[in-house]
Amino acid sequence: MRQRLFWIIAALVFVPNCVFILGMWLLDPQSSFLSTGARVGWLLVLVLVAVLVGSLLTSTLLRPLTELTRAVAYMRGTQRTLADLSLPRPSEPPPLEIAELRSGIEELLVHIKELLEAREALYATLAHDLKTPLLAGMRALEYLERADAIGAEQRKQLLHELWLELSGSYQLVENLLTASRMENQRPQPEPVLLLSVLENMRLRFQRRAAEKGVTLEVGGFGQARADKYLLERALSNLIENALRFARTRVVLRCGEGWVEVEDDGPGLQEPLEQLSQPFRSQRLRGIRAGSAGLGLFIVRRVAELHGGSLRDAPGTLGGACLRVKLG
């Protein structure tokens, strides 16, 4: 860019003056002022002036851009912490175009900060959410190994608690794999009978609902074009949450291009927008590790990848009613 700008400016200086001198020569070829030696001398002077003017104007015009380039290089070359990740202030107010470019870079830096903060939150949450059930499982296995005198019922109860802990960890890993798949692969939509999907999900969660004393119901009818795997992962997260908070009933409904899950629990404790952010929701009392923070984020992203949205729908049971609109 610098060389191109230099040659443009030099040409704008040289060509008009060269045309002027050649025009004078054509009008008065016998003029001693425009003898052959004089013409060559004037051309050399014009070349020198064009080079000097081109260099000076190029350096002046590109000075703000050069300063911004050096600032970015300096920021990249220094070992800065996340909090110090910012551009140095310019030595003088930049032109409007450079100011807009600088503003765009600063917005990009803010986005990078958010990504890095989300990554740190991800690592911290994963460490906590995977460590807790693993420690609980190790202790349960250690106890079962030494406790020969416990009865069959107590042993069965311990094994069930161990299964619950490992199931929570498996759910977390499944959500992470789904999140990775959504970021790296496009959805593969196909015609789906939503009622059939809901019936399959009811059968999958029927045993867990019965253990909690919750009735799992299915209703409605509809179709949609959706990636069946992603849709089932989204529904799995919604049903997991509903069973966790429901008192007696969970209802799965569908219509043309949408599905929803409703429970008769206490309802959402925070705004849906906050709950559907990855690892941003507050920990709720009495909820196992790994249960909050990623599930609703997966549901929202699945809806968005299908051109739809996740919304808080009006229900009839008095609890939470979350609808996934597909397109």
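Helices (H or I, at least four residues) and strands (E, at least two) are, in this talk, DSSP runs numbered from the N terminus.

Good morning. The model before you is predicted: local features need pLDDT of at least 70, side-chain atom pairs count only at pLDDT 80 or more, and totals for chains, interfaces and linings use all residues. Residues are numbered from 1 along each chain as its sequence is written, and side-chain values use heavy atoms, with hydrogens and water left out.

Let me begin with the overall picture. The chain has eight helices and seven strands. Of its 327 residues, 35% count as buried; buried means under 20% relative accessible area, exposed over 50%, and partly exposed in between, with a 1.4 Å probe and protein chains only. Among the contacts in the chain with a separation of 6 or more, 67% are made by residues 24 or more positions apart.

I turn now to the core. A nonpolar core is a set of buried Ala, Val, Leu, Ile, Met, Phe, Trp, Tyr and Cys residues joined through side-chain atoms within 4.5 Å. The largest one here has 39 residues, and those with the most contacts inside it are Leu 194, Leu 231, Leu 235, Val 250, Val 259, Val 261 and Val 324. The elements giving two or more residues to this core include helix H5 (194–211), helix H6 (228–245), strand E4 (249–255), strand E5 (258–263), helix H8 (295–305) and strand E7 (321–325). Helix H6 supplies the largest share, eight residues.

What is Leu 194 in contact with, leaving aside its neighbours within four places in sequence? The list comprises Gly 222, Gln 223, Ala 224, Leu 231, Cys 254, Gly 255, Gly 257, Trp 258, Val 259 and Leu 326.

At 42% relative accessibility, Gln 223 counts as partly exposed. Its C-alpha atom is separated by 5.7 Å from that of Val 192, 31 residues apart along the chain. With neighbours within four places in sequence left aside, Gln 223 is in contact with Val 192, Leu 193, Leu 194, Gly 255, Glu 256 and Gly 257.

Next, the helix pair. Two packed helices are described by the angle between their axes and the distance between the axes. The axes of H6 and H8 come within 9 Å and cross at roughly 145°; axes are lines fitted to C-alpha atoms, for helices over the stretch in contact, and angles run from 0 to 180 degrees between N-to-C directions. On the H6 side, the contact is made by Leu 230, Leu 231, Ala 234, Asn 237, Leu 238 and Asn 241, and on the H8 side by Gly 295, Leu 296, Ile 298, Val 299 and Val 302.

Helix H8 itself is mostly covered, with nine of its 11 residues buried. Among these buried residues are Phe 297, Arg 300, Arg 301 and Ala 303. Just after H8, Gly 307 takes a positive phi of about 75°.

I come back to Arg 253 and its polar contacts. A polar contact is a pair of N or O atoms within 3.5 Å; within protein, one must be able to donate a hydrogen and the other to accept it, and residues adjacent in sequence count only if both atoms are side-chain atoms. Which side chains does that of Arg 253 meet in this way? One is Glu 260, at 2.9 Å, and another is Glu 262, at 2.7 Å.

Glu 260 has its place in strand E5. Is Glu 260 buried or exposed? With a relative accessible area of 4%, Glu 260 is buried. A polar contact of 3.0 Å also joins the side chains of Glu 260 and Arg 323. Not counting residues up to four places away in sequence, Glu 260 touches Val 251, Leu 252, Arg 253, Ala 313, Cys 321, Leu 322 and Arg 323.

Finally, two further positions. Pro 314 lies in the loop between strand E6 (309–312) and E7, and counts as exposed because its relative accessibility is 79%. Leu 172, found in helix H4 (residues 152–184), is buried, with a relative accessible area of 3%. The C-alpha atoms of Leu 172 and Leu 130, 42 residues apart along the chain, are separated by 8.2 Å.

Note on methods: Contact means heavy atoms within 4.5 Å.
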